Amino acid sequence: MNTTRVPPCADDRPPLRRRFMVYYGLPHLTHAVVTLPMALFIPAFYADDMGLPLAGVGAAIAASRVLDMFIDPLVGSLGRRKPWIAAGTPLLMFSAWMVFVPGGQPSLLYLLGWASLLFLAFTLVDLPHKAWGAELSTDYTERTRVAAWREGFGALG
């Protein structure tokens with residue numbers, strides 16, 4: 001039996017339950033599954049297996065990330081969190097499929113377009129998810145627990 005107790009929050013509310021932390025953190029597992037291969041495997045896959053120039057692949061992926069400078073602040077200002085997570089999830093799944101399993105002979109423009117959509121969808125899912133975590137408690141220690149659970153699942157992914 002686990003006798004570890006989490007202290008009450010500073011505002012005397014009980015701490016968030018472990019089950020809730022698991023439910024909150026679990027989606028972050030899939031976030032890492034999508035983004036880590038973009039850095040580790042996709043450049044070599046498109047260059048070696050698809051025959052595209054490595055410098056062009058790197059430029060396409062970098063350009064798709066540059067769009068985040070404009071998209072992230074916009075998504076952060078959109079308001080309600082959960083609808084954006086719900087809207088971004090199917091787009092994230094579809095764009096990940098298109099990047100990871102391209103049909104035929106993809107071009108650099110193909111990679112740029114689908115990688116841009118993938119990162120847009122990732123922003124729609126990830127940014128509101130993290131902001132939601134910060135809203136779950138006003139207590140510093142509790143927010144740290146929330147972030148630790150989320151990032152733990154991300155590391156697992």
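Colleague: What do the buried residues of α7 pack against?

Modeller: Against α1 and α6. The buried ones in α7 are Glu-142, Arg-145, Val-146, Arg-150, Phe-153 and Gly-154. Bear in mind that this is a predicted model, where local features need pLDDT of at least 70, side-chain atom pairs count only at pLDDT 80 or more, and totals for chains, interfaces and linings use all residues. Residues are numbered from 1 along each chain as its sequence is written, and side-chain values use heavy atoms, with hydrogens and water left out.

Colleague: How do you know that the span of helix α7 agrees with what it should be?

Modeller: Helices are DSSP runs of H or I, at least four residues, numbered from the N terminus. The expected span is 1.5 Å times one less than the number of residues. For the 17 residues of α7 (140-156) that gives 24 Å, and the end C-alpha atoms are 24 Å apart, so the two agree.

Colleague: What makes Asp-139 a cap for α7?

Modeller: A side-chain oxygen of Asp-139 lies 3.3 Å from the backbone nitrogen of Thr-141, at the N-terminal end of the helix.

Colleague: Why is Ser-116 called buried?

Modeller: Buried means under 20% relative accessible area, exposed over 50%, partly exposed in between (1.4 Å probe, protein chains only). Ser-116, in helix α6, has 15%, so it is buried. Gln-105 sits in the loop between α5 (82-100) and α6 (108-135), and with 57% it is exposed.

Colleague: Which residues does Gln-105 contact, leaving aside neighbours within four places in sequence?

Modeller: Met-50 and Leu-52, where contact means heavy atoms within 4.5 Å. A polar side-chain atom of Gln-105 is also 2.4 Å from the backbone oxygen of Met-50.

Colleague: Why is the Arg-81 and Glu-135 pair called a salt bridge?

Modeller: The term needs a side-chain nitrogen of Lys or Arg within 4 Å of a carboxyl oxygen of Asp or Glu. Here the closest N and O atoms are 2.8 Å apart, and the pair qualifies. Arg-81 lies in the loop between α4 (68-76) and α5 while Glu-135 is in α6, so the pair ties together parts 54 residues apart in sequence. Glu-135, at 48%, is partly exposed.

Colleague: What separates Lys-130 and Asp-126 in helix α6?

Modeller: About one helical turn, because they are four residues apart. Their closest N and O atoms are 3.2 Å apart, which makes a salt bridge. Asp-126 is buried at 8%, whereas Lys-130 is partly exposed at 33%.

Technical notes:
Helix = DSSP H or I, 4+ residues; strand = E, 2+ residues; numbered from the N terminus. Polar contact = N/O pair within 3.5 Å; in protein donor to acceptor, adjacent residues only side chain to side chain.
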